[in-house]
Each structure stands twice: as C-alpha cells, then as structure tokens.
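This briefing is for a reader meeting the structure for the first time. It starts with the overall counts and then goes through the parts by topic.

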Amino acid sequence: MPFSIDWDSWAGAVVAVLLALVGAAAAIVLVRAAVILVSRKVPWIRDLGRRARNAGLVVTGIVAVWIACSTSVVAAQGWWPVVSRLFLIATILSGAWLLAALASFGFERLMGHERKVLTGPESRRRTTQLLVIHRLTLVLIAIIALGTVLFTFPEMRAVGTSLLASAGIVSIIAGLAAQSILGNLIAGIQVAFTDAIRVGDVVVVEGEWGRVGEINLSYVVVYIWDERRLVVPCNYFTTTPIETWTRRSDKILGTVFMDLDWRVPMDAVRARFHAIVEASPAWDGRAASALVTDSVGGFVTVRFVMSSKDSGDQWDLRCEVREKLMTWLQQEHPEALPTSRLVVEDRAA
C-alpha cells in the first residue's frame, strides 16, 4: 500500500511545516551561493550578506511556517486568527530588523567612502551628518514598524482615528513632547547640520578637554583625554558657548609661559628655543617666537609661541619645549632662573 498523507490532519500540518522549513532552508542556501558567486566580482556583497544573514533567516522562517499553517488544518481552528495575527506581527518586526540592517550597511559603506575621499574638517562634517541621518532612519523604521503593528488591531485603528480627528489633543501632546524629547531631538539635528560640532572635533566642554566621539539624536559623548566619557544633552551645544579647536582646520598655535629672572639672556634663550622646535617632529614650521610679554616685581614673563598640525602634536611640542628649556637654563644659565631677593640694611650704619 503506497504511503499517503492526509493534509487535513495534524500529521499533515506537521509535514507541511517541515516541508516549508526545508524549502526556506533551500532558498537561503541558494541565496548564499549567489552571494558568494557575485562577491567574487563585487566584494562588498559578501559583507552585505553577512550583515543581513540573521534577520533574513528569521524573516524566511517565520513566513514559511506562516504559509504552511495557513494552508493546513491549523487554519480551521478557532484560535487561528490570534496566531495568524502573531505571525503577522512577527513578520513586520523581523522585516523591520532586516530593513534596518540593510540601511545600516548602506550608511556604513557611504561613510567609509567619504573618509577615503575627504579629509580634515570636511570629512568630519560629512561623517557627522551621515551618522545623524543614519540614526534618524533607524528611528523612522522602528516607528513605522511599531505603528504598523498597532494598526493590525481594529481597536487601535479606532483610537488612532479619533485622536487624529481631535486636533486639540494632538496639538497639546505635540507641544508637551516638543519641550523635552522633540526639543532635544531637534537640537541634535541642528547640531549636526549647522556644523556646530562634528565627530572628531577637539572641544573644551565644562572645563574638560576632549574629542567629540559620538553624536546621537539626544546627546553627545565627549571622549576626555584621560579616557573618561562626558555625556552632554544636544541642546547644551545650541544654548551654551563651547570652545572648539578644529572648527575650520586642525592646525593650532600653542604657548608656553616661563617666569624668569631679569638677568635672563634673551638672545641665547631665543636661539635655543628655535633649535628645539626645529628639531622636533611635532612642529609644522608655520610659527615660532619667543618674546618678553610682562615684567612684574622680580620676574620677567617670556612667552614661547609654536605651531603644530593638530592638538595632539601641540601638546607634545609644548611639553618638550618646556622641559628642554628648563633643563638648558639649569645647566647653562642658572642666573636666569627665578630668584627672590632680600635687601638687609645696616641700621647702625
């Protein structure tokens, strides 16, 4: 007697689900084979397949099982409408996951291309804008997915229609939200697209020196030089003055001040300073000067100005100049070191 399957039985439903999963697995294998074949000529296709693999597996599995159940005895059960809605919700959410993975891959590819083509402030500006657009895209995908899930329920459709019809309620809700969440969100977009700060900029915020490491929709993370992290709301950068060292260029001037004795030989000090900066790889050759800028009490203030291509080299150069000049003065001109003088009068005389 030949083997036959009763598709209207539970055994048939189980077989249908298994066949659907096998078909989904076969489809996934074919897609992966096509990706490997195409990636030989287009390398980034392999990265795209790796990025979308997990979400694609979930979407394919859910849809396959859903179709198998809807064509078997399961669909005749009284509880099937509830389960079918759960399948629909799972498909929407996993589809949003897949779409977000594809969008993230696209933005990362675009940012990598921009970093290769552009350099300096322009590169940081484009990277910052793409990061903000990327996060806005992910938020938009999530909102659309959640909204679609909610509107699969007839009750939520009625609630949504009544709320949209009531302009007064909507305006009140929007006004309250704009003062907090939306207000900070708008500030984040403003920070990114007005070019106020960019990822990688050197800034001084709340007295802390660091680099802008992350610009999110509601906050900015500043990487402090000692590996601390300063998290600042976006609206801080639209309402508070900040100090930025890389607004138009990474090039920067730095100063070293030294209080020395009046007997300091300025010609020799100036020559030694120029020798130090010219021998340093951190100096970019744009500017170097040594001038007496003040003379108060028993000291004169000598200001050394030097230039570097960025703030990191500037810090190293200032430390090097300060240390080598101090050592040279100790060894060659100790009379130039700060000295406190006391005059003792002989009253009897």
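The points below cover the whole chain, the cores, the sheet and hairpin, and selected residues.

This is a predicted model, in which local features need pLDDT of at least 70, side-chain atom pairs count only at pLDDT 80 or more, and totals for chains, interfaces and linings use all residues. Residues are numbered from 1 along each chain as its sequence is written, and side-chain values use heavy atoms, with hydrogens and water left out. The protein holds 10 helices and 8 strands; these are DSSP runs numbered from the N terminus, with helices being H or I of at least four residues and strands being E of at least two.

**Whole chain**

- The protein has 349 residues, and 33% of them count as buried (under 20% relative accessible area; exposed is over 50% and partly exposed is in between, with a 1.4 Å probe and protein chains only).
- Its accessible surface is about 21000 Å², with 64% belonging to carbon and sulfur atoms (Shrake-Rupley method, 1.4 Å probe; for residues, only the protein chains shown count as cover).
- Of the contacts between residues at least 6 apart in sequence, 64% join residues at least 24 apart (a contact is heavy atoms within 4.5 Å).

**Nonpolar cores**

- The largest nonpolar core contains 22 residues (a core is a set of buried Ala, Val, Leu, Ile, Met, Phe, Trp, Tyr and Cys residues joined through side-chain atoms within 4.5 Å).
- Helices α3 (80-117), α4 (120-150), α7 (181-193) and α8 (234-239) and strands β1 (202-205), β2 (208-215) and β3 (219-224) each supply at least two residues of this core.
- The residues with the most contacts inside this core include Ile197, Ile215 and Val220.
- Leaving aside neighbours within four places in sequence, Ile215 touches residues including Thr128, Val132, Ile197 and Val220.
- A second, separate core has 21 residues, among them Met266, Leu317, Val321 and Trp328.

**Sheet and hairpin**

- Five strands form an open sheet in the order β4-β3-β2-β1-β5, with antiparallel pairing (two strands pair if DSSP finds at least two bridges between them).
- Strands β4 (229-233) and β5 (243-244) stand at the edges with a single partner strand each, so one side of each has no neighbour in the sheet.
- Strands β3 and β4 run antiparallel and are joined by 5 bridges; Val220 stands opposite Val232 in β4.
- Strands β7 (residues 288-296) and β8 (residues 299-308) pair in the antiparallel sense over 8 bridges, and Val296 has Phe299 in β8 as its bridge partner.
- The hairpin of β7 and β8 has 2 residues between the strands, and Gly297 takes a positive phi near 65 degrees there.

- Ala25 is found in helix α1 (residues 10-39) and counts as partly exposed because its relative accessibility is 37%.
- The C-alpha atoms of Ala25 and Ala64 are 9.7 Å apart, although 39 residues separate the two along the chain.
- Leu21 also lies in helix α1 and is partly exposed at 37% relative accessibility.
- Val14, Leu18 and Leu21 make a nonpolar surface patch of about 260 Å² (patch residues have over 30% relative accessible area and no salt bridge; nonpolar side chains, here Val, Leu, Ile, Met, Phe, Trp and Tyr, are joined within 5 Å, and like charges within 9 Å).
- A salt bridge is a side-chain nitrogen of Lys or Arg within 4 Å of a carboxyl oxygen of Asp or Glu.

**Asp313**

- Asp313 is in helix α10 (residues 311-332) and is buried, with a relative accessible area of 18%.
- Beyond its neighbours within four places in sequence, Asp313 is in contact with Ala282 and Ser308.
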